[in-house]
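Here is a walk through one protein model, written for someone who would rather look at the fold than at a table. Keep the viewer open as you read.

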Amino acid sequence: MPRIIANHENRSASLAETVEAIADGFDPQDDSSTMQAATALARLANNRTFLGDLLIDHLRERYRDTFEDSAYGPQVIVLSPMVGGCFLRANIWPSEDESCFRSSGAGSFVYGVPHDHNFDFLTAGYFGPGYRSDYYEIDYPSIAGFTGERVALRFIERSALHEGRLMHYRAHVDVHAQLPPEATSVSLNIMRVGAGQDWFDQYGFDLERSEVSGVLNPSASETFLRCAVALGDADALDLAEDFGRHHPSGRMRLACFEARAGLASSAAERDALWREAELAGNVMLAREAQVRRAGFSRRASRTARSRGAGRSQR
């Protein structure tokens, strides 16, 4: 589970002072660096008025905002620009009794969606009893990442991010399934943004089956490529063929084959394409290709049986 950091800090700090304190970011592999950042976050969490003041100021000046420059959402409030490869944010966690929860559903707040993270972050309980989590740990390097892959999820405990609790969520290690708090709660985070982070998959998990349920962080590059191929651009198709064979990201390679499969004019052509993917040398891609080929085979068998039944009735 996330590393619990003892919080004995009794001093407080302003938001500006905290931004200055984390100007050098934090290195999750360096305990001293991590502890310095955690101390800065704890001091901000001890400031019991800064967030309320910030929200009131924002509401008063809301009419000045444009869509492009607003860093506020229904749940997440970005508190700082990127400094030292990290930034500050606040998260609002509604309880089941609140209208926003009832109207939007648990999934809108990532409740009941077991997942890991492809980044490190520090978090502090700022207000309320805190969201609860069932915590697990995984061996990320052993996971290929295909849907339905069996994963050893080691249960650790269920606990809440209550006021004053300070934790370090470790990238590709800690998994949690979040549950709504008993009352509205707020957490503060220092989010670390690492180079190439988006190319490392963040997984969702099916806890009952102990399986990967999917990848939760599709990249913009995948979307751009799918659109370009679908629009019929020849250069895009050439790029998809090259990336499908050689790109270091299995997820990107899968997107390339899916985009090309969308242009296939026959079932035989699609099957040949996924056969190529199956032999492309990537475990995740191969297993996803096998699932698609098996689906084609089942549909073909059903069609053949349907036609045979039709002929027998004549």
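## Ground rules

Two strands pair if DSSP finds at least two bridges between them. Helices (H or I, at least four residues) and strands (E, at least two) are themselves DSSP runs, numbered from the N terminus. With that in hand, E3 and E9 pair in the antiparallel sense over eight bridges.

What you see is a predicted model, where local features need pLDDT of at least 70 and side-chain atom pairs count only at pLDDT 80 or more, while totals for chains, interfaces and linings use all residues. Residues are numbered from 1 along each chain as its sequence is written, and side-chain values use heavy atoms, with hydrogens and water left out.

## The whole chain

The protein chain has nine helices and 11 strands. Along the principal axes, its C-alpha atoms fill a box of roughly 85 × 45 × 40 Å. Of the 314 residues, 43% are buried, where buried means under 20% relative accessible area, exposed means over 50% and partly exposed is in between (1.4 Å probe, protein chains only).

A contact here means heavy atoms within 4.5 Å. Among the contacts in the protein chain with a separation of 6 or more, 73% are between residues 24 or more positions apart.

Start with strand E3 (86-93). Seven of its eight residues are buried, so E3 is largely enclosed by the rest of the structure. Besides its pairing with E9, E3 is joined by three bridges to strand E2 (residues 76-78), and these two run antiparallel. Look for Val-76, whose bridge partner in E3 is Asn-91, and for Phe-87, which stands opposite Met-191 in E9.

Now move to E4. Six of the seven residues of E4 are buried, making this strand mostly covered. E4 and E9 run antiparallel and are joined by six bridges, with Leu-122 opposite Ile-190 in E9. E4 also pairs with E7, again antiparallel, over four bridges; there, Ala-124 has Leu-166 of E7 as its bridge partner.

In a regular strand the side chains alternate between the two faces of the sheet.

## The E6-E5-E8 sheet

Three strands form an open sheet in the order E6-E5-E8, with antiparallel pairing. Strand E6 (154-160) and E8 are the edge strands, each pairing on one side only. On average, neighbouring strands of this sheet are turned by 20 degrees against each other, direction ignored (axes are lines fitted to C-alpha atoms, for helices over the stretch in contact, and angles run from 0 to 180 degrees between N-to-C directions).

Strand E5 (residues 132-137) pairs with E8 over six bridges.

## Two pockets

Rolling a probe the size of a water molecule over the atoms shows where empty space is left. A pocket, on a 1 Å grid over the protein atoms alone, is an open set of points where a 1.4 Å probe fits, with protein on both sides within 12 Å along at least five of seven lines; lining residues have an atom within 4 Å of a point. Grid points are joined across faces, edges and corners, and a volume is the space filled by probe spheres set on the points.

The largest pocket has a volume of about 420 Å³. It is lined by 24 residues, and Arg-89, His-117, Phe-119, Met-191 and Gln-202 lie nearest its centre. Strands E3, E4, E8 and E9 each give two or more residues to this lining. The second largest pocket has a volume of about 290 Å³, and of its 15 lining residues the closest to the centre are Asn-118, Asp-120, Ala-171, His-172 and Arg-192.

His-172 sits in the loop between strand E7 (166-169) and strand E8 (174-179). Buried or exposed? At 16% relative accessibility, His-172 counts as buried. Beyond its neighbours within four places in sequence, His-172 is in contact with residues including Asp-116, His-117, Tyr-140 and Asp-201.

Leu-44 belongs to helix H2 (residues 31-45) and counts as buried, at 0% relative accessibility. Its C-alpha atom is separated by 6.5 Å from that of Thr-18, 26 residues apart along the chain. Not counting residues up to four places away in sequence, Leu-44 touches several residues, among them Thr-18, Phe-50, Leu-88 and Leu-188.
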